[in-house]
Each structure stands twice: as structure tokens, then as C-alpha cells.
Amino acid sequence: MANGGDHPTVPPRRGFTSPPRRGVDLTEENQSLLNSFRSSAALTPQETATCTQSLFRLMTSSDASQFRELVARLGDGNDLRRMVSLLTSNNAPFLQTARNENGSNRMQDLLGRTDDLDNFFLIAILRRFFDVMCDGDSSRVALRGMRVFSQEKRAAMYDHLLCDAVNLACDADGYVVLNDIIDDSDPRSFYGGRLLYVVARNAHQLSDHAFGSRVVQRVLQLNDLRCTRDVAVSLRGHCVYLSLTKYGSYVVEMLLDTEAVMVADELLWGCNEERLALLARNEFGSFVVLKALRVTREMYRRDLFGVLVDKLMPFVHHLGGFHGRVRAFLDRL
């Protein structure tokens with residue numbers, strides 16, 4: 001025994017190993033699933049339907065322990081491969097499962113384990129890509145795949161994203177997902193740059209849309225010089241019209257922060273005095289005109305600011321109502 005009252009040192013037991021993992025008892029239904037996936041025999045149509053229903057209940061259950069236990073027992077070989085094959089083989093059950101919060105989480109747990117499993121998920125996602133991306137839960141499966149898949153698989157998903165970007169931008173749920181992707185995009189990367197270019201190239205079409213305008217605004221918020229310039233090029237010749245619309249005016253206002261000269265030029269030379277006054281009296285256009293006045297004055301561009309003021313002054317007494325803000329600005333000069 002050690003001196004000083006210390007506790008005796010207990011030598012480690014030779015050959016000691018940690019106890020085996022204590023698993024969870026599978027329910028009868030899930031045990032039947034396990035047996036089906038372990039069997040090399042092909043399932044009959046009736047067995048396939050039964051297994052599909054049981055797998056849906058397993059994937060969407062609020063209790064994740066049964067799912068984890070079944071996956072642990074299947075391992076990463078052919079047994080798990082048969083399970084994922086069944087999960088992804090039919091469009092409707094796959095999408096129904098992916099659109100469930102629990103189902104989405106379980107699918108994400110299966111991504112990135114093996115290349116074979118990822119192939120099944122990739123094919124299923126691409127078959128219904130737009131539908132997958134237009135739902136909050138199922139889109140998380142796709143976004144997870146875009147992070148953990150091989151480069152080749154990620155490229156295939158980005159190709160679909162580029163093709164569907166405009167339609168996604170105009171969808172009530174799709175634009176939210178697209179904005180999340182834009183937030184994570186690097187304008188200097190190949191696919192990130194291409195995605196931003198697709199949005200910018202279609203900015204004239206998207207800016208007048210309730211959801212599309214929010215995507216264009218998100219691109220402008222990146223404060224990337226090239227992206228902003230691409231948006232400006234797309235909107236050239238459309239700024240006056242967009243300024244008269246609710247959603248388009250938001251985009252034109254944002255563009256004035258970085259492309260004030262282009263927008264101001266368009267307001268000046270695309271409008272005569274009467275049309276500019278009408279724009280300043282418009283519910284939405286008045287915000288654009290007011291910001292154009294403020295920005296050009298702050299830039300000390302008297303060639304732009306002075307001409308805007310000169311065109312508006314003859315109509316200053318008619319600027320009331322919505323457009324009172326423009327009159328108030330001019331009265332302070």
C-alpha cells in the first residue's frame with residue numbers, strides 16, 4: 001500500500017475490453033423490416049408496399065432510437081443499401097418522407113456515409129429537384145447533399161440549380177432556399193459565380209416579382225462589384241418602369257447605393273419634365289426620386305443633382321400626398 005494514506009493503485013485487468021453496445025429492442029414491425037433488408041430475396045409487390053409503409057413510419061417517427069438501432073444493425077453494406085434503395089426508388093414516398101421534419105433529419109443522417117448510398121439520394125433528388133427545393137424540410141436534404149456529396153455529384157446538383165434558379169426565385173418557398181444558397185455562395189467560385197450571374201442576368205424580370213425582387217436584393221447585399229454591375233446592366237432601360245412598381249422600386253433604391261450615376265442618368269434622360277414629376281408623385285417612384293436626389297447631392301454630382309432639381313422645380317407645387325417627401329426635400333434647398 002502506498003505511504004501517506006494514499007489509496008492503493010489498482011493495476012488494469014489484462015484483456016479487458018469495453019462491454020458490447022447495448023442496443024434497443026426493435027418493434028415487431030421494425031424487426032420485420034430488418035429481416036427484409038437482410039434477405040437477398042427479391043421482395044414481392046405486396047412486400048414492397050408493406051416495407052415502404054413501415055419505412056415511412058420509421059423515418060418520420062418522433063422517436064429516433066428505432067431508426068438508429070435498425071441502421072446500426074444493418075451496417076454500411078448491402079443491407080443498408082437495400083433500405084436506401086427502397087427509400088429512394090419511388091417519387092411519392094421519397095418526397096413525402098423528405099417533407100417531414102423527422103424524415104428530413106433521418107435522411108440527412110444517411111448522407112455522406114458511402115458513395116453508393118449517395119448515388120441513390122442524388123438520383124431521387126434530381127428526379128424531383130424543383131419540388132424538393134421548394135419545401136423547407138426537403139430542401140435541407142438537398143443542401144446537405146450539396147455539402148457532403150462528391151465533387152461530381154455536387155456539380156450535377158448545381159447544374160440543376162442553375163436551370164431552376166429563376167423559377168425558384170419566383171416561388172414562395174423556393175426563394176427562401178435560394179437566398180440561403182446565395183448567402184453561402186462565393187462569387188469567386190465557379191458555381192457560386194455562375195449562380196449569381198444567372199440571377200443578375202434575369203434581374204429585370206425578377207425585380208418586378210414579389211419574391212424574385214428579394215433574391216435580386218440579396219445579391220446586391222453581397223456588395224460584390226461584379227454582381228452589382230451585372231444587375232445594373234440587366235436593369236438598364238428598365239429603371240423608370242421598375243420605379244413605378246412596389247417590388248421593383250426596392251431594387252432600384254438599392255442599386256442607387258452603388259450605381260447612382262447609371263440610375264440617375266436613366267431617370268434624367270429617360271424622362272422629360274412631366275414624366276419625372278409623375279414619377280416623383282407616384283406612391284413608389286417618389287422614394288426612388290428622393291433617394292436619387294440625396295445620393296447625387298452627397299456625391300457632389302451637380303451635373304446630375306442640378307438637372308434633377310431643375311426638372312422637378314416647375315412642378316414642386318403639385319408634389320403632395322405620397323410624394324410630399326420630394327417636395328419637402330426641394331423646399332429645403
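**Pockets and rings**

Three helices, H9 (136-148), H10 (151-169) and H11 (174-184), each supply at least two residues of the lining of the largest pocket. Keep in mind that this is a predicted model. The volume of that largest pocket is about 200 Å³. Its lining includes Leu143, Met146, Arg147, Arg154 and Tyr158, and by class there are four nonpolar, one polar and four charged residues.

The second largest pocket comes to about 160 Å³. Among the residues lining the second largest pocket are Pro187, Arg188, Tyr197, Asp224 and Cys227. Helix H12 (190-201) and helix H15 (225-235) are the elements that give two or more residues to that lining.

Now the rings. How many aromatic pairs does the structure hold? There are four. In one of them, Tyr175 and Phe211 are stacked, 5.3 Å centre to centre with 10 degrees between the planes. That pair links distant parts of the chain, 36 residues apart: Tyr175 is in helix H11, and Phe211 is in the loop between helix H13 (203-206) and helix H14 (212-221). Tyr175 has a relative accessible area of 12%, so it counts as buried. Phe211, at 23%, is partly exposed.

Phe190 and Tyr191 are an edge-to-face pair, because their planes are at 80 degrees, with ring centres 4.9 Å apart. Phe190 is exposed, at 57% relative accessibility. Ring pairs join Tyr158, Phe190 and Tyr191 into a cluster, and Tyr158 is also one of the residues lining the largest pocket.

Last item: Arg325 lies over the face of Phe287, 3.9 Å from the ring centre.

Key
Residues are numbered from 1 along each chain as its sequence is written. This is a predicted model: local features need pLDDT of at least 70, side-chain atom pairs count only at pLDDT 80 or more; totals for chains, interfaces and linings use all residues. Side-chain values use heavy atoms; hydrogens and water are left out. On a 1 Å grid over the protein atoms alone, a cavity is a set of points where a 1.4 Å probe fits but cannot get out, and a pocket is an open set with protein on both sides within 12 Å along at least five of seven lines; lining residues have an atom within 4 Å of a point. Grid points are joined across faces, edges and corners, and a volume is the space filled by probe spheres set on the points. Helices (H or I, at least four residues) and strands (E, at least two) are DSSP runs, numbered from the N terminus. Ala, Val, Leu, Ile, Met, Phe, Trp, Tyr, Cys and Pro count as nonpolar, Asp, Glu, Lys and Arg as charged, and the others, Gly among them, as polar. Rings of Phe, Tyr and Trp (its six-membered ring) pair if their centres lie within 6.5 Å; planes under 30 degrees apart count as stacked, over 60 as edge-to-face and the rest as tilted. Buried means under 20% relative accessible area, exposed over 50%, partly exposed in between (1.4 Å probe, protein chains only). A charge sits over a ring if NZ of Lys or CZ of Arg is within 6 Å of the ring centre and within 35 degrees of the ring normal.
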